[in-house]
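Keep the viewer open while you read.

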Amino acid sequence: MGTSDTDASLVAAARSGDQAAFAALVQRYQGLVFAVCVRLLGDRDAAEDIVQEAFIRAYLSLDRFRGTNFRSWVLRIAHNAALDHLRAARRHPHLPLERAPEQRSQSEPALQVEQHGLIAALETALAALPPEQRAVVVLVDVEGLAYEEAAEVLGIPVGTVKSRLARARVRLRASLEADPRARELLVLTGRLPHDVESAGHERASDAE
Amino acid sequence: MTLGTDHLSDEQLALLATEVPEPPLAAHLESCPDCRARWQEYQALVSALRTLPRPALPRDFVFDPQSVVRLRSAPWWWRYRFPIRVATLLAATFLVLLVTSALVLVPPSTQPNERVTGVARSPAAAVPTMHATPTLAEAGAGEEVAPAVQALAASPAAATEGTTTAQTTVPPSSLPPEEHETSLRLGAAGRFVLYGAIAVLTIVTVLGLVIGFLLPLVRRPQQSTHLP
């Protein structure tokens, strides 16, 4: 199975019993599904279990898959399983929700120290969001899904996706603003112009 | 939303970070340094979020489909076999009760053919029966009768009147035709319901026996484990 095969053709082949076709689908989306689950749960071990469960569920339910977008379908299965896990974790508080560890791919090039700091600050701010807002930010801002696809994954209207996303970004910005080091990192990594950074400092000093 | 001196809300600016602002909003962002600064902060935030590295995969999630085939959920007739069995036994019980009732409550004398004959009889058909009732003169023929009766019999007009009077006073030997017909029609409806219920219960019982008892025996799934 080549990388040029469309999801629809792979799904059709998998339905007809082609095991390599389903393996190709798993390989295509396992990184995305794992990344979303890790950021939703903040727990790599739980995310690993849920990703495996999601792909098994998808395989066993292939006959019931009526849509055209396999990616959003498998993400939806994983998201629902992750929500179930979060609910169970809330019912059993002795299972701690850990922060997402800052692990990066070994094949990734070495990042600047500033960028590492910014990533850590962003991960911390993300982990502090309520789960429903975190899910929207992870899907739209981190993974780059369109509003419509995120709405399909989460099972909510597009308008709700937008409103949750707006509220989540406001919270994230407030979290980063509270951390002067994070603001400096945004400037150092070239994402925030210097004049904006100084304006932010002025607003902060005005507030004091 | 009012533009000009009023600033845009944080939620508006947060959404505008990844959207092209409409002309009035773009004009405001151009003229308002405060809103523009906040807007750029949101753009920087989104830009930073998009560069977050994906966590490294702990392993390959490709699995052998054969290893999970046993986890495939059991067919519906296996999952619902116990409720189906209970429903089948209930249906069979009601079926026995209804058949017994049908045998006891519908006596052989009230066979449908007979009843249909009774229904077909119209009031006009009953007229000869009424005329068959003897007149006073006929009733008294060959016997000693009272003088008044004899006088009545001697006068044809009086006899006619007397016959009419006598006919109206003689009670019919059976129910009036209309009433008889109504009772028969109700009986037919009752029989229809009874036989219909028996037919439905028979079908349910047979299907229940096949799906709830026979199928699980013949095609028992290898594993009925549900997914975790």
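## Overall fold

A quick reminder before you dig in: this is a predicted model. Chain A is built from ten helices and has zero strands. Following the sequence, the pattern reads α-α-α-α-α-α-α-α-α-α.

Chain A has 208 residues, and 39% of them count as buried. If you take the contacts in chain A between residues at least 6 apart in sequence, 61% join residues at least 24 apart.

## The nonpolar core

The largest nonpolar core holds 75 residues. The members that touch the most other members are A:Val33, A:Cys37, A:Val51, A:Ala54, A:Val74, A:Ala78 and A:Val137. Helix H2(A) gives the most to this core, contributing 14 residues.

Setting aside neighbours within four places in sequence, A:Val74 is in contact with A:Tyr29, A:Val33, A:Ala54, A:Phe55 and A:Ala58.

## Helix H7 and its two partners

Let's look at H7 with H8 to begin with. Helix H7 (residues 147-154) of chain A packs against helix H8 (residues 158-177) of chain A at an angle of about 100 degrees, and their axes are 8 Å apart. Because of that angle, H7(A) is roughly perpendicular to H8(A). From H7(A), the contact draws on A:Tyr147, A:Glu148, A:Ala150, A:Ala151 and A:Leu154, while H8(A) supplies A:Val158, A:Val161 and A:Lys162. By class, this contact of H7(A) with H8(A) has six nonpolar, no polar and two charged residues.

Now for the other partner. H6(A) and H7(A) pack at about 140 degrees with axes 10 Å apart, so the two helices are oblique to each other. Their crossing is right-handed. Here A:Ala135, A:Val136, A:Leu139 and A:Val140 of H6(A) meet A:Tyr147, A:Ala150, A:Val153 and A:Leu154 of H7(A). The contact of H6(A) with H7(A) has eight nonpolar, no polar and no charged residues.

## Where chain A meets chain B

How many residues does each chain bring to the contact? Chain A provides 48 residues and chain B provides 32 residues. On the side of chain A that touches chain B, the elements giving two or more residues are helix H2 (19-41), helix H3 (44-60), helix H5 (113-127), helix H6 (131-142), H8 and helix H10 (194-207).

The residues on that side of chain A divide into 26 nonpolar, ten polar and twelve charged.

Conventions: Residues are numbered from 1 along each chain as its sequence is written. Chains are lettered from A and ligands numbered from 1 in the order in which they are written. This is a predicted model: local features need pLDDT of at least 70, side-chain atom pairs count only at pLDDT 80 or more; totals for chains, interfaces and linings use all residues. Axes are lines fitted to C-alpha atoms, for helices over the stretch in contact, and angles run from 0 to 180 degrees between N-to-C directions. Helices (H or I, at least four residues) and strands (E, at least two) are DSSP runs, numbered from the N terminus. Angles under 35 degrees count as roughly parallel, over 145 as roughly antiparallel, 65 to 115 as roughly perpendicular and the rest as oblique. Two residues are in contact if their C-beta atoms, placed from the backbone, lie within 7 Å. Ala, Val, Leu, Ile, Met, Phe, Trp, Tyr, Cys and Pro count as nonpolar, Asp, Glu, Lys and Arg as charged, and the others, Gly among them, as polar. A residue is buried if 20 or more other C-beta atoms lie within 10 Å of its own, exposed if 12 or fewer, and partly exposed in between; C-beta atoms are placed from the backbone. A nonpolar core is a set of buried Ala, Val, Leu, Ile, Met, Phe, Trp, Tyr and Cys residues joined through C-beta atoms within 7 Å. A crossing is left-handed if the near helix is turned anticlockwise from the far one by less than a right angle, and right-handed if clockwise.
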